[in-house]
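This briefing goes through one protein chain, topic by topic. Look over the sequence and the model first, then read the points below.

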Amino acid sequence: MSDATPGPTAAPDTELRTDGERRTVQALDAAAIPYVRTRHGRVGSLAEAAAARGIEPADLVKTIVVRRGEDDFLLVLLPGDRQISWPRLRALLGVSRLSMPDAAVAKDVTGFERGTITPFGTTRTWPVVVDRRATGRRVSIGGGGHGVGIELATDDLVRALGATVADVSDDG
């Protein structure tokens, strides 16, 4: 993934249109993480978002909300071409049961709608697990609004969030 060249329809952007976008930028700036913010408009799938950003689906890292227990959630970050390995994630966390909350609960516990969720600027702080395949490179994550991306180094993300890096995915 290029450091500075957005995809065919993405363009560097500084306009903050939603509260989620503002919270995301404030959190990134507070963490002093170098990033490029782009906007490409709404898309219908991860593949469309990757194409609009000019990257491969593996370079678009999705943020997934996982419920560990009553009012106990975490964020799992995976390359776009991967899916959660539930057995590995349960083993890592030392639990026998995990689930994915519905869209309303995910929004309630993060402050972001599905498709806009990012680990930066959540309304509550949750633990973060990053799949090892996303580390050591630049990726694009959600930017707190539909069609908004944040390009950054995952190693900066891991440091800033105190994230756990582990093998928690399978081929998508």
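The largest nonpolar core of this predicted model has 23 residues, and those with the most contacts inside it are V65, L77, F120, V130, I141, L152 and L157. A nonpolar core is a set of buried Ala, Val, Leu, Ile, Met, Phe, Trp, Tyr and Cys residues joined through side-chain atoms within 4.5 Å. Buried means under 20% relative accessible area, exposed means over 50%, and partly exposed lies in between (1.4 Å probe, protein chains only).

Residues are numbered from 1 along each chain as its sequence is written.

- Another core lies apart from it and has 11 residues, among them I64, V66, V76 and L98.
- Helices (H or I, at least four residues) and strands (E, at least two) are DSSP runs, numbered from the N terminus.

**V65 and A106**

- Beyond its neighbours within four places in sequence, V65 is in contact (heavy atoms within 4.5 Å) with F73, L74, L75, M100, P101, A106, V109, T110 and I117.
- A106 lies in helix α4 and is buried, with a relative accessible area of 1%.
- Between A106 and V65 there are 41 residues in sequence but 6.3 Å in space, C-alpha to C-alpha.
- Not counting residues up to four places away in sequence, A106 touches V65, P101, G111, F112, R114 and I117.

**Rings**

- How many aromatic pairs does the structure hold? It holds one.
- F73 lies in strand β4 (residues 72–79) and W126 in the loop between α4 (103–110) and β6 (128–131), so the pair ties together parts that are 53 residues apart in sequence.
- Rings of Phe, Tyr and Trp (its six-membered ring) pair if their centres lie within 6.5 Å; planes under 30 degrees apart count as stacked, over 60 as edge-to-face and the rest as tilted.
- Both F73 and W126 are buried.
- The charged end of R23 sits over the ring of F112, 4.5 Å from its centre; the rule is NZ of Lys or CZ of Arg within 6 Å of the ring centre and within 35 degrees of the ring normal.

**Positive phi outside glycine**

- A32 is not a glycine, yet it has a positive phi of about 55°.
- A32 is found in the loop between α1 (19–30) and β2 (36–39), and at 65% relative accessibility it counts as exposed.
- D71 is also a residue other than glycine with a positive phi, near 50°.
- D71 lies in the loop between β3 and β4 and counts as partly exposed, at 43% relative accessibility.

- Is D171 buried or exposed? At 61% relative accessibility, D171 counts as exposed.
- D171 is in strand β10 (residues 169–171).
- D171 and I84 are 87 residues apart in sequence and 8.8 Å apart in space, C-alpha to C-alpha.
- Leaving aside neighbours within four places in sequence, D171 is in contact with D81, R82 and Q83.
- E15 is in the loop between β1 (11–12) and α1 and is partly exposed, with a relative accessible area of 42%.
- E15 and R82 are 67 residues apart in sequence and 31 Å apart in space, C-alpha to C-alpha.
- E15 touches E21, R37 and R39, not counting residues up to four places away in sequence.

**The whole chain**

- The secondary structure comes to five helices and 10 strands.
- Of the 172 residues of the chain, 47% count as buried.
- The C-alpha trace spans about 45 × 30 × 30 Å along its principal axes.
- Among contacts with a separation of 6 or more, 65% are between residues 24 or more positions apart.

Terms used: Predicted model: local features only at pLDDT ≥ 70, side-chain atom pairs only at ≥ 80, totals over all residues. Heavy atoms only, no water.
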